[in-house]
Amino acid sequence: MANASYGHIAGLRKNLPAGYKLPMPAILPQYISVKPIITEQTQYDYEIMLNGDQYLSDVADKFKVLNGMNLLICDCGVGKSWYWSKRTDVIMVAPLLSIVKQNTREGAEFNNIHDGVSTYHQIEKTLNDTDNHVKYKSMTLVIDEAHGLYLDSYRDSVKQIVHKCFSLFKSVVLMSGTIRREYFCKLDVVNTVRVRKVQPFEKVLTRIQCEGDVVGTAIKRINERQRKNKIVILLNDKDDIKVIRYKLTDIRTLEYTADTKDTAEVQTFLNSSILGEQYDCLIGTNSIVEGLNINDVLQNCEVHVIGDCTPERIEQVTNRWRKCTGTIRTYHYTPSVLVSGDLPEQDTEITAQDYVDVGTDSAKAMNRYIQLLGDKQRKKYINTYRNENRMENVYWNDETKQFEVSFIKIDYQMANNRFECSKANFNRYAQELTEYGFKFTVPQRAVRYAEVAEERAAVAQDKKEQYRATIDLVISQVHDRGWLVVHDTPEAQVQREFVEGFIRRGLKRTDVVEYLARLKANKEYWRYLNEDMRNARNGNSVLDLIIRELPNHLVTYGKHKKQGLTVQGKRKLAEKIAHFVLVERFNGDVLQMRLGGWGSVIENGTPENSNTFNNSSSGVPLLNNKDQTPDAVLNRYITIDKSVKPRIAGVQMRITPVKYLSLTGFEFESKNDVGTELADVIKAKKQPVPKIETVVLNIEPAVITQSQQQSKLKNSILNRRMF
């Protein structure tokens, strides 16, 4: 058979002079045409086009801000934050301190809302500042980066306060480049202003479906790329960022995360907004998506987005390059999924109104029920079903004293639904990004990737050791009257402040060391303590049921007359709990219970139609047959220990001891009167530790530069290899 290489030009390589390079044809990218989604939002009350030299302040007379809710949708580089921050009749709030720092007025106090510019967290002061409420009625409130009101899930309490403050002001302006009227299910928007700007660059996006490790694929692609442009890497995982920095070759990186934002390197960059000759790459979490500009004047540059990411964030991070004059190439690395047309569309699209209807029905049912309860029982009911309420987008309003629909949570839920659709449907993904001005190349599939398991293990081990060392340091600082601090670190200080918050809520000082020891073994243990404190303060009706029913299911075993639950007894008790919750919280509606956070333990074959006559004594099993299901139900409220296999009446049986009739077993002091929410813990930790209880002999905070962190990781990997 003829050698196939004879028909290829590369087969002549052996006859060429040494060092000669064959000319290779240039491979041009193949672009695809995508039509943007046509929505009602294409109709604006004002639509303004700026040229490259114009800013929002130049066209302020071309649009109006009306009384009520206004949307201001702006392209990047229009100077929107600068314009509003300089107006004395405006209060502007932003999500990040970096934005506040860039726009603080001359002579004003940094991050003070009364001086005009602050973070979202400061806005609560306007609610409490009743003396100036009349003045606010003639002012405008501007919310910068307002997409965070529906994209961010971790700011619910802050977002609730922001929404609450809207009514204080004559006008409110929600400002973002990706915000849309239909993204809010409750806000009554009276005016929409669209400001576009001619950009000096084009944006080209390539989506790369990764058959192997996504991070490893990105590392290999970045290291092997032909163009050596400056790059931005967005990866919302601080541990994997350390892995990437270690694996990238001949690329000088600057890391920007919550952990590094206060380092000298990052602060120097923020002051100049220039990577310059010192860095080739800026890498960070979602912290780099907002409030950060890169002003290097470049013809071409790149953005590498690693992992699943919303189209809005892809647009925002791409726009961090402000001075590019040619092409910004964005590469989005995602897990391998079916592409364009491989997934069927849903027959009926879920709308925000569907979520509102479910939440409204649930809130009405609960409000009717609590009318039958006294104050103590009502508090117990509210506390017991806090998690179930969260799943159904319902919350308890302390002011109105009733359950209400959380439109904020519904806005977030709808944003998450759009995100899931864009992941599964390439057309939807491309259409949304086309609205932001992206051109698209044909999607690619990548099989090869760099091995990162060793580096990940080293990072995880270092992180674990550092955390344990911090807790050990805090344990060594525990003193009878407070803390004896000889050596300190910022991480230890944070942990002490959290412990002080729990002490103010009732944790005994004699239990602090035991709590810290458990926290060392499980860094999420503080959640159990927080839950127990809420239950101790307000009561929990399911816990009351367990305490009543538990003696009926316990068996005695061993010479020390220990007690525990048999496999059958454990399941019977868990079934009673499930039926009790079904009736008291979900009015007998199994489908609603499944949607309310119980779906993982309820039997799939359980009828999903409403059954308001279902009750706690019903013999119909609710729970599935999985062995771990009873444990999962019981561990929601109490703590069961590892099972043992003693002999009872000569027969070996599996018994599960009950360790605590709570999640922690701690008893609390009666001074638990400062609140039970996580927000109360955070507020408490901000209060200074009383001086009489703290002795600071010598504080030596550890200062580690980013280069030292890299060296530490390298040594850790070498040590692991030697081992």
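A salt bridge is a side-chain nitrogen of Lys or Arg within 4 Å of a carboxyl oxygen of Asp or Glu. Keep that rule at hand for this tour of a predicted model.

**Stop 1**

Select Lys-570 and Asp-631. Their side chains form a salt bridge, with 3.0 Å from N to O. The two residues belong to distant parts of the chain, 61 residues apart: Lys-570 sits in helix α21 and Asp-631 in helix α23 (residues 629-634). Is Lys-570 buried or exposed? Lys-570 counts as buried, because its relative accessibility is 8% and the limit for buried is under 20%. Asp-631 has a relative accessible area of 22%, so it is partly exposed.

**Stop 1: a second bridge to helix α21**

Now select Glu-549 and Lys-576. Here too the side chains meet in a salt bridge, at 2.8 Å from N to O. What does the pair tie together? Glu-549 is in helix α20 (residues 541-549) and Lys-576 is in helix α21 (residues 567-584), so the bridge joins parts 27 residues apart in sequence. Glu-549 is buried, at 17% relative accessible area, whereas Lys-576 is partly exposed, at 30%.

**Stop 2: a buried pair, and a network**

Select Asp-488 and Arg-496. This salt bridge spans 2.9 Å from N to O, and both Asp-488 and Arg-496 are buried. In general, side chains of opposite charge can pair when their charged atoms come close.

Next, select Asp-213, Asp-240 and Arg-456. Salt bridges with shared partners join these three into one network. The count of salt bridges comes to 35.

**Stop 3: a hairpin**

Select residues 394-397, which are strand β15, and residues 402-405, which are strand β16. The two strands pair in the antiparallel sense over four bridges. They form a hairpin with four residues between them. In the turn, look at Lys-401, which has a positive phi of about 60°.

**Stop 4: the whole protein**

Zoom out. The protein has 25 helices and 27 strands. Of its 723 residues, 47% are buried. Among contacts with a separation of 6 or more, 74% are between residues 24 or more positions apart.

Conventions:
Residues numbered from 1 in each chain as written. Predicted model: local features only at pLDDT ≥ 70, side-chain atom pairs only at ≥ 80, totals over all residues. Heavy atoms only, no water. Buried < 20%, exposed > 50% of the residue type's maximum accessible area, 1.4 Å probe, protein only. Contact = heavy atoms within 4.5 Å. Pairing = 2+ DSSP bridges.
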